[in-house]
Amino acid sequence: MSGAFGRGVAPVEVGPDTLVLGVETSCDETAAALVLGGTDVVSSVVSSQIDLHAAFGGVVPEVASRAHLESLNPVVERALADAGVGPERVDAVACTVGPGLIGALLVGVSAAKALSLAWEVPFIGVNHLEAHLYSSFLDHGDVGFPLVVLLVSGGHTMLIEMRGHGDYRLLGRTIDDAAGEAFDKVARFLDLGYPGGPAIDAAAELGDPEYVAFPRAMMNDGLDMSFSGLKTAVTNYVRRNPDVASADVAASFRAAVVDVLVAKTRRAAAEVDAAGIVLGGGVAANALLRTEMTAAGAADGRVVLLPSREMCTDNAAMIAWAALERHHQNTSDSDDFEFAPRPRWPLDGKAAAPPGRGVRA
Ligand code: KG4
Ligand code: ZN
């Protein structure tokens, strides 16, 4: 492995024994994990705030920040205990610095910086989107570049061309709701619970995906996407047909979202002649999306990299792993104590935003 953690003061050479603590607090999961040199996830603890936010049907930023504050120390302690190591064994602390909810990010970044100071090890800022993307690489070897990455979560839906490590180009994105947001909103409307993605996924398995022909917006039109019209179509349909089975609506809705995501990803992959397709983000756990994307890849002769389901939703192993991988590639530009939280941090704008431009933590 090449590269070292930390600029200036006490850089740490990255090797197979390098142990990185990852910290993640960008949204509604408080997570800490220890990852060793290569791809070995030694411990991974995720404390979900789902119960706290369920009553509101979505994430309440103030509630999230407070819950992170309460959970973070115990979660870090648990990650160390599960790994059977003390703080003296940790070589670096990696933490999500953006994008995400600013109050939530501040809790994680402040704590991670405090630990890095106390333990006298480097602090590494990680882009949450990049971590989602790298989580697919945890289980797969190199397939070459360019790759087309479909990042689909509660906050983002975008297609990215990855031309190399740290070299990204935005190809398309949702012009309104993120796909995960649409899942959450439709699930709330159907009273299926929160978060909506897993609930709709489960209900859809019992329904008929052709029961309602919901619209597939912008299907033949470039690489951008739109999901807010679909959400409205679902609510209008159910209001007009109150006796319809939720399973049939869920299955028809899921089929419409997946059709769009697969068609757009396929088009993007053809346009850049991608060596492979990578999925990342919470919605990448969707059962139909995984099978349909895999089938489309097979039909087009492209490799499809799917993260394991646990790696799809927010966790800290992917944060530590992304930090290690960027150093492995010697392309990290964020191992700097001055690196501050960034509520917005587009992947393709990485180079444009110098460290310290965000809010101080
Ligand atoms: O990546 P993530 O954990 O958090 C963000 O960074 O947003 O993604 C959470 C989103 C939620 O909207 C959730 O409903 C969705 O991912 N999700 C799913 C599934 N599991 C989680 N959506 C569809 N199908 C699933 N199985
Ligand atoms: Zn996420």
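Student: What should I know about the model and the numbering?
Tutor: It is predicted: local features need pLDDT of at least 70, side-chain atom pairs count only at pLDDT 80 or more, and totals for chains, interfaces and linings use all residues. Residues are numbered from 1 along each chain as its sequence is written, and chains are lettered from A and ligands numbered from 1 in the order in which they are written.

Student: Okay, the sheet. What is the strand order?
Tutor: The open sheet runs β5-β4-β3-β6-β7, with mixed pairing. Strands here are DSSP E runs of at least two residues, and helices are H or I runs of at least four, numbered from the N terminus. Strands pair if DSSP finds at least two bridges between them.

Student: Which strands stand at the edges?
Tutor: β5 (40-48) and β7 (123-127). Each has a single partner strand, so one side of each is left without a neighbour in the sheet.

Student: Is β3 enclosed or open?
Tutor: Largely enclosed by the rest of the structure, because five of its six residues (19-24) are buried. Buried means 20 or more other C-beta atoms within 10 Å of a residue's own; exposed means 12 or fewer, partly exposed is in between, and C-beta atoms are placed from the backbone.

Student: What does V23 touch?
Tutor: Its contacts include A32, V93, C95, G108 and I319, leaving out residues up to four places away in sequence. Contact means C-beta atoms, placed from the backbone, within 7 Å. V23 is buried, with 29 other C-beta atoms within 10 Å. V23 and I319 are 296 residues apart along the chain, yet their C-alpha atoms are separated by 6.8 Å.

Student: New topic. How do α8 and α9 cross?
Tutor: The axes of α8 (residues 246-272) and α9 (residues 287-300) come within 10 Å and cross at roughly 30°. That makes α8 roughly parallel to α9. Axes are lines fitted to C-alpha atoms, for helices over the stretch in contact, and angles run from 0 to 180 degrees between N-to-C directions. Under 35 degrees counts as roughly parallel, over 145 as roughly antiparallel, 65 to 115 as roughly perpendicular, and the rest as oblique.

Student: Which residues make the contact?
Tutor: Among them are V258, L261 and R266 of α8, and L289, E292 and M293 of α9.

Conventions:
Two residues are in contact if their C-beta atoms, placed from the backbone, lie within 7 Å.
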